[in-house]
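Here is a short report on helix packing and backbone geometry. Have the sequence and the structure open as you read.

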Amino acid sequence: MISPALTHALDDWLSHQKALAGAADNTIKAYQTDVLGFLAFMSDYKGGPQGLDPIAKIETRDMRSWMAHERGRGVGARSLARSLSAVKSFYRWLASREDFEPTAVLSTRSPKFQKKLPRPLAEDTASAVIETVELQGREPWVAARDSAVITLLYGCGLRISEALGLTGADVPLPTTLRIVGKGGKERIVPVIDAAQQAVAQYLELCPHHMEPSAPLFRGVRGGPLNPRLVQKVMEQARMQLGLPATATPHAMRHSFATHLLTAGGDLRAIQELLGHASLSTTQAYTAVDAARLMEVYDKAHPKAG
């Protein structure tokens with residue numbers, strides 16, 4: 001149980017994250033869940049409701065107890081690191097507002113975990129995936145739909161949510177699309193011929209009426225296509241092709257970035273196409289040799305030359 005004042009402070013922080021930091025709705029929900037879970041533990045651990053005053057007096061041993069409790073109930077290192085990051089961010093904001101010393105929280109070390117770097121597919125493998133995905137559909141229009149979605153992920157570097165967010169107003173696909181990505185950030189994405197053709201073929205076969213406000217990609221009953229179905233058809237395709245579990249729909253986006261960079265694309269331009277806030281994120285998406293990456297980075301860096 002937490003006090004009304006602390007509840008209000010948490011709401012203010014979440015609003016701040018959304019308005020000023022541009023955090024997406026899913027991120028805001030995750031922040032709220034993580035911080036509320038932390039405060040609930042402290043309420044039980046301390047044996048009383050938590051308010052602004054008690055929460056400002058949390059010590060290092062309290063933080064250790066919380067982390068031990070989380071690991072004890074099976075929370076993995078990656079998830080715990082995310083929760084700790086949310087708690088630290090909230091404390092940093094709250095401490096500046098309420099004028100207390102948050103060192104005990106901010107100095108807590110994050111659990112170590114091995115980051116899973118994206119693994120893009122080779123160009124011929126990416127093409128084989130699209131072809132194999134099309135073979136999975138029991139009906140021709142479903143096969144064309146699945147192929148069109150995967151082609152957009154690979155050909156335009158879209159996230160699944162972005163591809164499935166397209167509507168009837170977006171067709172026929174123009175040569176460029178205005179995509180609203182994470183945190184409401186807009187970007188302009190060129191649409192390759194293959195993606196235009198794949199969507200056109202799907203529209204020709206789709207049995208559902210395509211109103212401007214309706215989702216472009218439909219489920220069998222006419223509702224919005226569930227992203228899980230896209231993941232499932234990729235699973236089937238990768239099993240048939242003997243690909244590893246890392247060959248996911250999101251891997252097609254990674255492949256888009258890597259293949260552009262390998263072909264001589266500018267790192268900052270690719271950053272814009274992907275909608276990444278930082279260049280380091282784009283680097284993590286690419287899988288080219290270090291020498292090639294530094295060569296392109298040097299050309300892209302404003303201080304180069």
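The axes of H8 and helix H10 (residues 193-205) come within 8 Å of each other and cross at roughly 160°. H8 is therefore roughly antiparallel to H10; angles over 145 degrees count as roughly antiparallel, under 35 as roughly parallel, 65 to 115 as roughly perpendicular and the rest as oblique. The crossing of H8 and H10 is left-handed. Left-handed means that the near helix is turned anticlockwise from the far one by less than a right angle, and right-handed means clockwise.

From H8, the contact uses Pro-140, Trp-141, Ala-144, Arg-145, Ala-148, Thr-151, Leu-152 and Cys-156. From H10 come Ala-194, Ala-195, Ala-198, Val-199, Gln-201, Tyr-202 and Leu-205. Contact means heavy atoms within 4.5 Å. By class, this contact has 12 nonpolar, 2 polar and 1 charged residues. Ala, Val, Leu, Ile, Met, Phe, Trp, Tyr, Cys and Pro count as nonpolar, Asp, Glu, Lys and Arg as charged, and the others, Gly among them, as polar.

The model is predicted: local features need pLDDT of at least 70, side-chain atom pairs count only at pLDDT 80 or more, and totals for chains, interfaces and linings use all residues. Residues are numbered from 1 along each chain as its sequence is written, and side-chain values use heavy atoms, with hydrogens and water left out. Helices (H or I, at least four residues) and strands (E, at least two) are DSSP runs, numbered from the N terminus. Axes are lines fitted to C-alpha atoms, for helices over the stretch in contact, and angles run from 0 to 180 degrees between N-to-C directions.

| Pair | Angle | Axis distance |
|---|---|---|
| H7 (residues 123-134) and H8 (residues 140-156) | about 155° | 7 Å |
| H8 and H10 (residues 193-205) | roughly 160° | within 8 Å |

H7 and H8 are therefore roughly antiparallel to each other. H7 passes H8 in a right-handed crossing. Glu-123, Ala-126, Val-129, Ile-130, Val-133 and Glu-134 in H7 meet Ala-143, Asp-146, Ser-147, Ile-150, Thr-151 and Tyr-154 in H8. The residues of this contact divide into 7 nonpolar, 2 polar and 3 charged.

How many of the 17 residues of H8 are buried? The count is 16. Buried means under 20% relative accessible area, exposed over 50%, and partly exposed in between (1.4 Å probe, protein chains only). H8 reaches 23 Å from its first C-alpha to its last, close to the 24 Å expected at 1.5 Å a residue. The expected span is 1.5 Å times one less than the number of residues. Just after H8, Gly-157 takes a positive phi of about 70°.

Most residues other than glycine have a negative phi, and most peptide bonds are trans. Asp-99 is not a glycine, yet has a positive phi of about 60°. Asp-99 is in the loop between helix H5 (77-98) and helix H6 (103-106). Asp-99 counts as exposed, at 72% relative accessibility. A cis peptide bond joins Val-171 and Pro-172, with omega about -5°. Pro-172 is in the loop between helix H9 (160-164) and strand E1 (176-180).

His-209 sits in the loop between H10 and helix H11 (227-241). His-209 is exposed, with a relative accessible area of 62%.

The protein chain holds 15 helices and 2 strands. Buried residues make up 44% of its 305 residues.
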